[in-house]
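Hi,

Here is the structure I promised to pass on.

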Amino acid sequence: MFYREAGQFKTSYEADQSLFPIRQDRIGIAVLLLIAFVLIPLTANDFFLTSIMIPFLVFSLAAIGLNVLTGFAGQLSLGSGAFMGVGAYAAYKLTSIFPDVNVIFLVLVSGFFSAAIGAVFGLPSLRIKGLYLAVTTLAAQFFLEWCFIRIPWLYNYNASGAIEIPKRDMFGITVSGAEATPLARYFVVLAITVVIALLVANVLRGRIGRSWMMIRDMDIAAELMGIRPLQTKLLAFGVSSYICGVAGAMMVFFWLNAAEPSSYSITLSFQILFMVILGGLGSLGGSFMGAAFIWILPVFLKFIPGTLGIDIPAETVEHLTFMIVGALIIFFLIVEPHGFARLWQIGKQKLRVWPFPY
Amino acid sequence: MNAIMTSEEMPQVAAPTAEREDLLRVDNVSLSFGGVKAITDISFDIKKGEIRAIIGPNGAGKTSMLNVINGFYHPQVGTITWQGQVRRKMKPYEAASQGIARTFQNVALFRGMTTLDNIMSGRSLKMRKNFFWQMMWYGPAREEEIEHRKKVEEIIDFLEIQAIRKTPVGRLPYGLQKRVELGRALAMEPDLLLLDEPMAGMNLEEKADMSRFILDVNQEFGTTIALIEHDMGVVMDLSDRVVVLDYGKKIADGPPEEVQASQAVIDAYLGVSH
Amino acid sequence: MAGLAGAASSGGDTFPKILLHNAKVFGDRTAVREKDFGIWQSWTWTQVRDNIRDLSLGLKELGLQQGQKVAIVGANRPRLYWSMVAAQAIGAVPVPVYADSVAEEMAYVLGHAEVAFAVVEDQEQVDKLLSMDSEVPTLKDIIYDETRGLRDYDHTHLHDFAAVQALGRKVLEKDPGTEKAWEDGFAPAKGSDIAVMLYTSGTTGRPKGVMLSFDNLIISARNANAFDHLDEHEEVLAYLPMAWIGDHVFSLAQAFTAGYCVNCPESLDTIDVDRLEIAPTYFFAPPRVFESMLTSIMVRMEDAGKTKRRMFDYFMGVARRSGEKILNGESVSLKDRLLYRLGEFFVYGPLKNRMGLTRMKVGYTAGEAIGPEIFRFYRALGLNLKQLYGQTEASVYITLQPDGEIYGDTVGKPAPSVELKIAENGEVLYRSPGVFVGYYKNDEATRSTKTEEGWVHTGDAGFIAENGHLKIIDRAKDVGKLNDGSLFAPKYIENKLKFFPNIKEAVAFGDGRDRVGVFINIDLTAVGSWAERNNVNYASYQELAAHPQVYAMIQEHVDQVNRDLASEPMMAGAQIRRFLVLHKELDADDGELTRTQKVRRNFIAERYAPLIEALYDGSTSKHVRTEVTFEDGRVGAIEATVEIRDMPAHEASGLQEAAE
Amino acid sequence: MLYDIFIDPFVQMVTMPDFFLQVLWEGFVTGILYALIALGFVLIFKASGVFNFAQGIMVVFAGLTLVGLHEHGIPAYLALLLTIVVMGILAYGIERVVMRPLVNQPDIILLMATIGLTYFLVGFGEFVFGGEPKQMIAEQLGLPTGSTAFEMGERGLVILQHIDIAAALIAIIMVTALAIFFNKTRIGRALRAVADDHQAALSVGISLNQIWAIVWFAAGLVALATGIMWGARSDVSFALEIVAFKALPVLILGGFTSIPGAIIGGLIIGFGEKIGEIYWGGLVGGGIESWLAYIIALIFLLFRPQGLFGEKIIERV
């Protein structure tokens, strides 16, 4: 209905291969970016930024990271939480060792540590697949979690065992530490997420993205077409872990201010996995949708009783939230196992062929 | 060069093909899985530019033979000579980079991708721009992508599949999937193209189309083709030479008409006990 | 743009001259696009000029001389269009030929035209031409567009298109003065020179080569451009046969004179997508294209959900009520105007979008009468679809419907500079600047068609209605009389029948007989879809055609036609009294239709003589055996017992209700 | 350093055999409990190909229900009976609401659904019974509580908790019962038929839905037994959920469809974990129990990807 594609033709491959070949999509994205970069900063309050937008973006990025591995390269991982942790601890150590270096730079560098460790744990993927591979990543999850607890050097021997983020400025604006304003944090998180998402989208539409999908769809055929399975999978593990690592670092630097090992537990891994599955395996847009659903819905649920004037203990609300989220997850899996991205695709297709059914 | 090929009981190779250079030689190859013999002491050659058919009853070891040629299985005995050099044990992707492409008996397309992307995937080996450029997209990566897109579009044009260019392959009818798979193999610009039952499950018209494409590939690009096929009519029409396997052994080798007349072959197809 | 008046006077009187002019004036504007290799490859006017020049010089090198004929065979491709102008630049005459015509037909045309060169699309056409060695002795060289499969052919008289152009470029490089010489070469050419020869498929006899001069084409084209305010901003889709005058005028003559862009689709399978992508602003299609688009809309809507269908039906109702009025600029109530806006958003806009007609400024349909329902459907959507009446011999335009004066049953007013008159026997005659020079090597036919004063017999019977619009009833020679003296216009009846989507073809008989009898061909798509919805099982066309429910449905349609006829004083006497549904589809391969899908009445009458006999001997069924040619060329036969039904006649007056 | 890794632990084992035996016993009991959890997984996986992540929470849920019912004044044995009924309802509900609509979906989707189920049961359990750890009503159920010390001559003594012995016995009974169930009863044979070939099972007139409800119920019973035993050793708390992840390495070792495999795998992991933790854990700061099982499974996988009992996989093209 809204997709009036008549008259949109491509006279070059550049145009044909652009990320959003349909004009209406380009407009849609522009509007979204405008909202994110202009409207929200102008209108949103601190609560909205801190409790909804910043975590949403952080999780979106983490979900993109996992989606690269699971959705595009087809390798199941249950360890994304720990890889986020690696990023967080690496960034923390880096800021301690190089206090004068730009914190955003360090956050971006911290991802490389996560990438390296991710690649190591990806090594077994050459021989094992599916659920078996999940064991490898679970090993990573529990082993790394253990490291966060047992290696005091990682948290600078703090008595609390937690990492606390120091105040860091950039261009005279405080961007990390307790004093940083939500708006400053929001812009940093938004910028990093958008840029990484764009770079990932670029990788995915080129040779490397294709090689991942080849491995995912039919690994034997991929190999017979000249794809080296180990290299390709390790690259996926590396890239995925890098993104998760950056997301993990952002999580503590620009959102939580402090983190304990339990912040990066298996629960987080599952949360990210849910975002990816519900959002849609193999879809970047889906990662955002999944993150929105898994993060924003519970926040939203918490406020329902209050706004309705019903007095329910916070604990009960939390329990109910768990139940509702669990039930909704099952519900959406039944309705559309391919996630919100597929729902969106179907909806879009309907709009494109409207009023016809096909 | 090798005594095996000149043993008397084998039909002799027709002169024009025989004069051509060997692209691939298989010498005394045997392959077994945990004691079960799939291939026993097979030798044959594939000459540059020819269409070579491998035929035989079910379970004759034809697909195993292809798997040996492209490095998926490693024979316990025997040597494989590729373009004049004895080949060491290698991985399938190395075979690919040496110029061996193939299609599969049961279509093995990348189901989550479009026709275009599937054929683009055949260009993987020829694309070199590194991760950094890929990430940037604009610039070298895009240039490379477009350069290869052009090649792929030529293949799409060649195979007359323009209308399904952007259709996910999972939605295509079987005959078209087979065609896309051929396109994907062609995109590798192989020296040797292995086709595992390219016409299985096709109707007459589709078979005729596919035969034409195979012949065109052979003539237009000079690609050497080795194919497994059950439809004897197709084999006789297409191939320059035929090798016949039965129970993992070679029972005949030569031009189609000779092979067709061979008593051993007739027996094998009629199921005379050994 | 201001271009209109200017273009009419400037630009030159031959296509090569206009080409030079356009390259100068429009320079970097896109002149041609072709969907090839996945994208719309584009050429600007300058590039087109260079391409044509190189080819032209190359052809000259190969020995093409003034006055020689060049056959053009293939689907709509920029290179083939260029070949025509390249030939014209040397003074040679292009002869576009229907690419899908059988070898025998093509051989006749090429032999008759004595072509010396041929520019063809691909291997298939090359093979075809090579096989005509003996029938076309004059043919010397063949130039092909697509190299595939031709590598190993003997290339002494066979040339790759690009190679010919390279040859031209080489000449150009050697002597830079060649370009000037080339331009000087066609400078003296006059508008009265022969520009092109088009062979009419003709319902009877051998095809005739219609010679059209540059003046014919260029003046007609300029008039048409001015009439519909077309300029260089238009986009058209070139998808109809190049050998057909319509395509020649739309995609070449008008494109050159207006300077607009011609888009060639990727292949026949992708036309719908290609049209959607390009969204032509000026669109021409014979009625069958509009019919099949409408059928596919209806079939798809049948599969839509209930709510959607109800919404569709509702808004289509609104459109039928007020759409055409709004389009014609008549007054409509505010409520309807608002509803129409809403409908535009929910239904009409998306529909036009899916059909790729969103940007259509003007659309024409011609060639045959279009069903009033179909015609109104498109107009109600807000599409400025119009009818025209034309002929190859007239360089298309005889009458056109002016904006705002659209009547479904008439074909419009005389086109600019066209004079019209009706002969005693009802035949329509015209005189215009587009009137052809003559039939090639057939003076006799020329004389019998074109009078000394330049009037041309259209062969169609018709009359000019009170509003000044021409109304065509039938072929003049087909119009006959029943034994009781009532006027019998078979085509008129047939068209009325064909307006029902379920009826694909109809052949009416009655001249010199007591009453009217009709053969009917059902439309497999429409009736098949109906059968699916109503759980009617059938294994073949034949079985479906003979199904009692299908018969009942067709009977209703026939009755409706009779009622219509009864309300028209001139036609009331010739109502359909008996009909049968044919057991096979009429097919061009069997010679029952022409290549342009027109019914060959006499041939059918001969072929199905037993059935005609049965129509008039009162029997209720008849067993027949018919020979058919299958797609692969094999010949077989089908047998069937065909049922024949009687129909009552309605009272010849406006009192239709009383007849019930 | 090398001494600490390669020699010292073995020296200790030999010089302090009583302690070593105690460790082995601990490992054995842990292993039995792992095996029980893994058994629940195997039951469901065998019949429906679903990897049931909710098995861990089912253990907790079963334990909580039992204790919770008792806290409301219901006698222990009646509470036990009621809990069994609850597990039956749960099994039926899961089959109806979750499994049936998701039939034929890819593995990962089913896996996700069971994780969703986990969320739901966590919320539901906490909502009904509260989030605090609870004491298992072992005594009320008549489980032995004391301990027996076995003297080992001069070399010290090994202390065995009676509850552990009971756990081992119950596990053995459970496994035997299941083995009989699978081999001797009609339903059991049907279950095996389903595991082999869904179509074949349908053709002999067995309803797939019934079978799934039954296996989920059986898994629920196993969960209840596990919950009681584990609860009696520590507490009934949601922390148990993490323990359930240990089933994964156990299954890797034993294979996803083999009941004896689950037992042996459980024991290997149990022994390995305890011995590793006691004798080598200290070297790196302790607590390696949390990941050692996975590493063991991982190493194992690299050398024998098909598991202990699987056959070598030949890939076909």
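Residues are numbered from 1 along each chain as its sequence is written, and chains are lettered from A and ligands numbered from 1 in the order in which they are written. This is a predicted model, where local features need pLDDT of at least 70, side-chain atom pairs count only at pLDDT 80 or more, and totals for chains, interfaces and linings use all residues.

Residues 106-129 of chain D are 96% helix and 0% strand, with end C-alpha atoms 34 Å apart (helices are DSSP runs of H or I, at least four residues; strands are runs of E, at least two; both are numbered from the N terminus). Residues 278-303 of chain D are 69% helix and 0% strand, and their end C-alpha atoms lie 26 Å apart.

Next, 34 residues of chain A are in contact with 39 residues of chain D (contact: C-beta atoms, placed from the backbone, within 7 Å). Helices H6 (130-150), H11 (266-279) and H13 (314-335) of chain A each supply at least two residues of the side touching chain D.

As for chain B, its secondary structure comes to eleven helices and ten strands. The C-alpha trace of chain B spans about 60 × 40 × 40 Å along its principal axes. Among contacts in chain B between residues at least 6 apart in sequence, 71% join residues at least 24 apart.

Cheers

Note on methods. Contact = placed C-beta atoms within 7 Å.
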